[in-house]
Amino acid sequence: MTKRLLLIPIALGLLANADPNDPDPALIPPPIRAMLEAAIASGNENDITTVVRYARNAVPEAADAIDAMADVWRDEKTASRSRTIREATFFDLWHGRVELGGFATTGNSQNIGLTGIVDLTREGLQWRHKLHLQGDYQESFKVVSREHYVASYEPNFKLDANNYVYGAAQYESDRFLGYFNRLSASAGAGYSAIRKPNMTLDVELGPAFRHTEFTDARIESALAARGNLNFTWKLTPAISFNQTASAYLQKFNSTVGTNSSLNAKVFGPLSAQFSYNVQYESEPPIGRQTTDTITRASVVYSF
């Protein structure tokens with residue numbers, strides 16, 4: 001809040017020293033100015049945009065001065081963020097989410113199921129880093145029926161606001177889907193097709209290399225084509241929908257995976273999430289199903 005309040009005198013000072021041909025801040029009536037200052041102090045972009053719109057309608061002759069006052073705040077905010085990012089170390093600026101879910105039953109049935117996911121993102125001026133860790137475990141009467149592990153790392157280099165190039169490395173293990181170990185590496189182009197406050201869509205496409213050790217003793221290494229989609233839609237301030245899809249298409253075993261999730265905030269950083277995941281393997285070992293699904297109900301902590 002202190003940093004936000006400091007932006008007000010900075011904005012007013014810059015306006016006071018503005019070029020004589022620039023909009024005159026004195027044209028803004030004191031009540032309107034006070035309202036704008038309160039909005040700027042809040043630091044909320046939506047509030048500022050709303051106040052500016054109504055202020056322009058109320059005092060059309062001061063519209064340019066009102067816009068200038070808001071623009072000065074935005075410019076200073078952008079410059080401050082850039083300084084913070086430039087001065088940060090690699091271990092700073094990370095944000096993400098931790099998802100935990102599970103169940104246990106006793107009596108006529110003795111089942112246990114656990115799921116855990118960690119997603120971390122670091123947004124820099126030119127680089128974006130994404131780390132994903134996931135584990136699913138389930139057993140019935142002490143017999144394991146699911147054991148799925150994933151770890152992936154993806155750096156992005158931003159070419160401009162919408163285009164970037166990516167690298168991706170991933171490790172997977174799921175003996176129930178037919179493979180003990182699978183390593184994947186890819187590089188290619190990414191495009192942010194939608195970048196709005198309440199909706200984003202990123203698509204990626206590039207060549208890949210995969211090495212798979214199957215449960216039937218087969219070992220395959222092959223080139224593949226990789227495609228990835230990540231769509232997020234904030235339906236309300238408390239409810240959001242996310243859809244991801246990825247595909248590795250190759251001569252031997254191809255893989256397609258999708259995950260649909262609905263997230264609802266409970267309080268503070270905690271939210272409840274319901275998700276449905278589908279993974280398809282085109283040529284699994286004999287005796288294995290081509291398609292595997294899992295439904296999760298989890299608690300999510302965002303930071």
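Author: Start with helix 3 and helix 4, which are roughly antiparallel to each other. Keep in mind that this is a predicted model.

Reader: How are two packed helices described?
Author: Two packed helices are described by the angle between their axes and the distance between the axes. Here, the axes of helix 3 (residues 45-58) and helix 4 (residues 63-87) come within 9 Å. They cross at roughly 165°. Angles over 145 degrees count as roughly antiparallel, so helix 3 and helix 4 get that label. The crossing of helix 3 with helix 4 is right-handed.

Reader: Which residues make the contact of helix 3 and helix 4?
Author: Helix 3 gives Glu 45, Ile 48, Thr 49, Val 52, Ala 55 and Arg 56. Helix 4 gives Ala 63, Ile 66, Asp 67, Ala 70, Trp 73 and Arg 74. Sorted by class, the residues of this contact are 7 nonpolar, 1 polar and 4 charged.

Reader: At what angle do helix 2 and helix 3 pack?
Author: Helix 2 (residues 30-42) packs with helix 3 at about 170°. Their axes are 9 Å apart. That angle makes helix 2 roughly antiparallel to helix 3. The crossing of helix 2 and helix 3 is left-handed. On the helix 2 side, the contact includes Ile 32, Met 35 and Leu 36. On the helix 3 side, Val 51, Val 52 and Ala 55 are among the residues. The contact of helix 2 with helix 3 has 10 nonpolar, 1 polar and 1 charged residues.

Reader: Now the rings. How many aromatic pairs does a search of the whole structure find?
Author: The search finds 4. A pair of aromatic rings is described by the distance of the centres and the angle of the planes. Take Trp 127 and Phe 157: their centres are 5.1 Å apart, with 65° between the planes. This pair is edge-to-face.

Reader: What does the pair of Trp 127 and Phe 157 tie together?
Author: Trp 127 lies in strand 3 (residues 127-140) and Phe 157 in strand 4 (residues 143-158), so the pair links parts 30 residues apart in sequence. Trp 127 is partly exposed, at 42% relative accessible area. Phe 157 is also partly exposed, at 25%.

Reader: And how are the rings of Tyr 301 and Phe 303 arranged?
Author: Their centres are 6.1 Å apart and their planes are at 25°, so the pair is stacked. Tyr 301 is partly exposed, at 42% relative accessibility. Phe 303 is partly exposed too, at 44%.

Reader: Which residues form an aromatic cluster?
Author: Phe 90, Phe 91 and Trp 94 form one.

Methods
Residues numbered from 1 in each chain as written. Predicted model: local features only at pLDDT ≥ 70, side-chain atom pairs only at ≥ 80, totals over all residues. Heavy atoms only, no water. Axes fitted to C-alpha atoms, helices over the stretch in contact; angles between N-to-C directions. Helix = DSSP H or I, 4+ residues; strand = E, 2+ residues; numbered from the N terminus. Parallel < 35°, antiparallel > 145°, perpendicular 65-115°, else oblique. Left-handed = near helix turned anticlockwise from the far one by under 90°. Contact = heavy atoms within 4.5 Å. Nonpolar A, V, L, I, M, F, W, Y, C, P; charged D, E, K, R; others polar. Phe/Tyr/Trp six-rings, centres within 6.5 Å; stacked < 30°, edge-to-face > 60°. Buried < 20%, exposed > 50% of the residue type's maximum accessible area, 1.4 Å probe, protein only.
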